[in-house]
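Student: I am new to this structure. Please take me through one part of it closely, and then show me what lies around that part.

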Amino acid sequence: MQKRKLMIKKDRQMSKTDISKLAEIGGFIGACLVDSETGLMMASEGGGKLDLEAAGAANTEVVKAKLSAIEMLGLNDSIDDILITLGKQFHLIRPLEKTPTVFLYVALDKKAANLGMARVQVKKVEQEIEM
């Protein structure tokens with residue numbers, strides 16, 4: 001009985017950080033949920049040749065830099081998302097509204113992705129995450 005309770009508790013924890021629906025986005029390459037205070041990846045989906053752990057850690061610096069710029073400029077605002085457009089890919093970074101120190105990072109194939117729809121889908125997944 002005790003083991004069953006532990007499994008149920010573990011399943012609930014896993015579902016709170018479930019980002020698997022991001023794989024439904026057109027042009028999806030990979031995604032991860034990252035703690036920007038430590039750079040550690042909390043969940044991942046896909047990736048293939050893309051090293052999501054390294055990408056998550058590297059994009060921690062992007063988020064920190066943007067937060068620093070907002071503070072330096074005296075803007076009373078927050079980040080909705082950060083879009084990085086590469087030659088062949090879109091990289092979308094979205095801090096969680098409820099927990100801004102955690103962000104979603106999503107890599108998309110530029111030719112196959114609809115950026116507007118991707119942003120809507122990432123926001124929807126973000127709202128389902130509980131920290």
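Tutor: Leu 22 touches Phe 28, Ala 31, Leu 104, Val 106, Gln 121, Val 122 and Val 125, leaving aside residues up to four places away in sequence. Contact here means heavy atoms within 4.5 Å. This is a predicted model, in which local features need pLDDT of at least 70 and side-chain atom pairs count only at pLDDT 80 or more, while totals for chains, interfaces and linings use all residues. Residues are numbered from 1 along each chain as its sequence is written, and side-chain values use heavy atoms, with hydrogens and water left out.

Leu 22 belongs to the largest nonpolar core, which has 19 residues. Such a core is a set of buried Ala, Val, Leu, Ile, Met, Phe, Trp, Tyr and Cys residues joined through side-chain atoms within 4.5 Å. Buried means under 20% relative accessible area, exposed means over 50%, and partly exposed lies in between (1.4 Å probe, protein chains only). Ile 19, Leu 22, Leu 33, Leu 104 and Val 106 touch the most other members of this core. Strand 1 (28-35), strand 4, strand 5 (102-109) and helix 3 (115-128) each give two or more residues to it. Strand 5 supplies the largest share, four residues. The names follow DSSP runs, numbered from the N terminus: helices are H or I with at least four residues, strands are E with at least two. A second core is separate and has twelve residues, among them Cys 32, Ile 79, Ile 93 and Phe 103. In soluble globular proteins, nonpolar side chains tend to be buried together.

The side chains of Lys 21 and Glu 128 meet in a salt bridge, 3.6 Å from N to O. Lys 21 lies in the loop between helix 1 (2-16) and strand 1, and Glu 128 in helix 3, so the pair ties together parts 107 residues apart in sequence. A salt bridge needs a side-chain nitrogen of Lys or Arg within 4 Å of a carboxyl oxygen of Asp or Glu. Lys 21 is partly exposed, at 42% relative accessibility. Glu 128 is partly exposed too, at 37%.

The structure holds four salt bridges. Asp 81 forms one with Arg 94, and their closest N and O atoms are 3.9 Å apart. Asp 81 sits in the loop between helix 2 (52-72) and strand 3, Arg 94 in strand 4, 13 residues apart. Asp 81 counts as buried, at 19% relative accessibility. Arg 94 is buried at 8%.

Asp 81 also meets Arg 119, with 2.8 Å from N to O. Arg 119 lies in helix 3, so this pair ties together parts 38 residues apart in sequence. Shared partners join Asp 81, Arg 94, Arg 119 and Glu 126 into one network of salt bridges. Arg 119 is partly exposed, with a relative accessible area of 40%. Arg 119 touches Asp 81 and Leu 92, not counting residues up to four places away in sequence. The C-alpha atoms of Arg 119 and Asp 80 are separated by 10.0 Å.

Now for strand 4, where Arg 94 sits. Strand 3 (residues 82-85) and strand 4 (residues 89-95) pair in the antiparallel sense over four bridges. Strands pair if DSSP finds at least two bridges between them. The two form a hairpin, with three residues between them. Ile 84 stands opposite His 91 in strand 4.

Thr 60 is buried, with a relative accessible area of 3%. Thr 60 touches Val 34, Asp 35, Ser 36, Gly 39 and Phe 103, not counting residues up to four places away in sequence. Phe 103 is also in the second core.
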